[in-house]
Amino acid sequence: MEGIAEAPARKPAGRGLAGLRIGEILLAHGAVTREKLEEALAAQGERGGRLGEVLVSLKACSEEQVLKALAAQLELPYQMRVATEEVSQELISKVPINFAKQARLLPLRIEGDLVVAAIADPMDTGAVDSLRLLLGASVSPVLVPTQSILDCINSVYDRAANEAEQLVGDLEAGDLDTVAHELEEPQDLLDSSDEAPIIRLVNSLLFRAAKERASDIHIEPQEKDICVRFRVDGVLQEVIRPPKRFQNSIISRVKIMGGLNIAEKRLPQDGRIRVKLAGRDIDIRLSTTPTVFGERVVMRLLDKSTVLLDLVEIGMDKDQLRIMESLIHRSHGIILVTGPTGSGKTTTLYAALSRINRPDLNIMTIEDPVEYQLQGISQTPVNPKIDLTFANGLRSFLRQDPDVIMVGEIRDLETAEIAIQASLTGHLVFSTVHTNDAAGAVTRLVDMGVEPFLVASSLIGILAQRLVRVLCKDCRAPYLPAPEELKEIGLTPEEVRETSGGMLYKPGGCAECNNTGYRGRTGIYEMMLLDDELRQLTLKNVDSGTIKRQAVSKGMRTLMDDGAQKVMGGVTSVAEVLSVTQEDMA
């Protein structure tokens with residue numbers, strides 16, 4: 001802890017605890033014992049410093065107890081926390097965030113001729129004087145613990161949530177030729193003191209995207225303006241439309257942050273931005289491509305501070321979890337996860353690897369790119385520039401004595417054959433392919449040129465999946481579905497009555513879900529185990545439809561079936577399930 005102040009001794013004020021020494025007040029409060037106080041005084045005599053700071057370092061009391069004692073000594077108010085609603089936006093607009101953090105203070109409100117401010121160190125007169133000069137008014141302090149002030153600072157300095165439109169207005173008077181230098185190290189964009197409107201606008205969009213859980217930011221030049229959209233829970237939402245004349249400045253700023261060549265506008269470019277947003281590490285994959293109206297930019301946001309999900313948390317029920325557990329604890333074989341781009345395949349693979357990760361296993365992955373760091377697992381990103389492809393990386397892994405290997409995607413015959421070779425020589429291999437359902441993965445490998453007998457002998461399980469939006473629990477609305485609607489997802493009125501009393505839920509709309517009716521996403525799954533009968537069909541090189549019918553006859557639950565179960569459970573809506581499974585019905 002830094003800077004816990006001790007008030008100088010004053011003559012007793014004749015009432016309460018005001019004027020007593022800090023140690024006496026702490027004793028009176030019962031915060032410290034006489035023995036601990038004497039120990040702290042001895043330590044203070046040896047090494048100096050403030051008594052309050054010494055007591056906290058000895059764990060004789062907490063910062064909050066010292067601050068309460070200071071409040072009593074100086075006759076100042078004390079409060080444990082500061083709510084963001086207490087803070088005046090007008091006041092904080094005059095106080096730079098880096099100053100507020102360093103001084104551990106925050107202006108709250110105006111009362112007459114005074115500004116009430118939360119302060120962690122009332123004896124830091126320099127900081128109080130600086131605040132007085134910034135605001136042009138005398139300061140009335142309220143003592144608040146350091147962490148409470150810092151937490152509130154991170155919340156109230158969210159310039160992005162409401163200021164994007166205002167920043168576009170600021171651009172009218174701004175210097176469009178001013179673009180900041182490249183960020184060499186990750187920094188918290190909320191700490192940025194750069195006032196250039198273009199830079200503030202880009203920073204505000206990044207922060208707003210992170211706050212609203214956006215996975216992607218799209219900056220799309222149009223004929224007369226620029227369209228900025230966020231993808232939240234898989235759906236694109238328009239955020240703002242800056243004027244056309246600011247297009248080059250905005251895109252140049254983003255390209256500089258990603259280390260791209262701002263002079264090259266005719267060719268696609270890829271880059272990476274590493275930043276901190278309110279203390280969270282965000283890794284941004286940047287892609288630009290030329291269009292008729294200028295360069296289009298897409299940024300994929302990966303929050304490194306996000307906790308990896310477990311198999312239970314991604315939407316698997318008990319039966320699916322039991323099957324998945326049996327597969328991932330096998331000693332060898334190939335487990336494939338299939339689905340279109342953005343269906344959560346990588347998240348499922350990470351959840352599976354985290355489940356089996358332990359010190360006695362050598363787990364290696366090759367990915368494009370490495371999206372999240374997994375502790376204890378060796379992860380390698382592909383790099384086409386130096387010919388580090390999935391196939392070459394996988395080939396080198398076999399000389400690294402692995403137990404489990406994850407290949408980001410099987411895209412070609414060479415990668416498929418090496419993965420099969422690895423599985424047949426005693427390794428457990430995880431990978432993905434792009435197919436609509438589980439049965440399609442079998443025929444996809446054969447179409448690549450893999451011999452059917454190799455597919456049959458190496459594959460042990462295939463998981464097809466989709467992501468569906470979860471109904472907002474604050475505003476979902478029950479309703480009585482029509483029989484025709486139930487028929488579309490394979491349900492009968494009798495099943496719905498038995499499971500959910502005949503009622504289903506549909507999206508509403510409230511502030512918690514941005515009036516979309518949905519908040520978050522979960523998975524629906526189709527798990528196909530390769531038994532002897534399915535292996536025989538694979539050897540005969542039959543079509544995927546035949547394989548799927550056989551698997552269903554053996555009890556496999558399809559994507560539609562799993563989606564229907566989640567509809568009856570009130571997790572999602574009929575429309576969501578139909579939207580992600582309609583390809584399979586075609």
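Of the chain's 586 residues, 49% are buried, meaning under 20% relative accessible area with a 1.4 Å probe and protein chains only. This is a predicted model, in which local features need pLDDT of at least 70 and side-chain atom pairs count only at pLDDT 80 or more, while totals for chains, interfaces and linings use all residues. Residues are numbered from 1 along each chain as its sequence is written, and side-chain values use heavy atoms, without hydrogens or water.

The chain holds 23 helices and 18 strands; these are DSSP runs, helices being H or I of at least four residues and strands E of at least two, numbered from the N terminus. Among contacts (heavy atoms within 4.5 Å) with a separation of 6 or more, 65% join residues 24 or more positions apart.

Helix H10 (residues 197-211) packs on helix H11 (residues 247-257) at an angle of about 65°, the axes lying 10 Å apart. These axes are lines fitted to C-alpha atoms over the stretch in contact, with angles from 0 to 180 degrees between N-to-C directions. H10 is therefore roughly perpendicular to H11, a class that covers 65 to 115 degrees.

From H10, Ile-198, Ile-199, Leu-201, Val-202, Asn-203 and Leu-206 meet Ser-249, Ile-250, Arg-253, Val-254 and Met-257 of H11. By class, this contact has eight nonpolar, two polar and one charged residues.

H11 is largely enclosed by the rest of the structure, because ten of its eleven residues are buried. Among them are Arg-253 and Lys-255. After H11 comes Gly-259, with a positive phi near 70°.

Conventions: Buried < 20%, exposed > 50% of the residue type's maximum accessible area, 1.4 Å probe, protein only. Parallel < 35°, antiparallel > 145°, perpendicular 65-115°, else oblique. Nonpolar A, V, L, I, M, F, W, Y, C, P; charged D, E, K, R; others polar.
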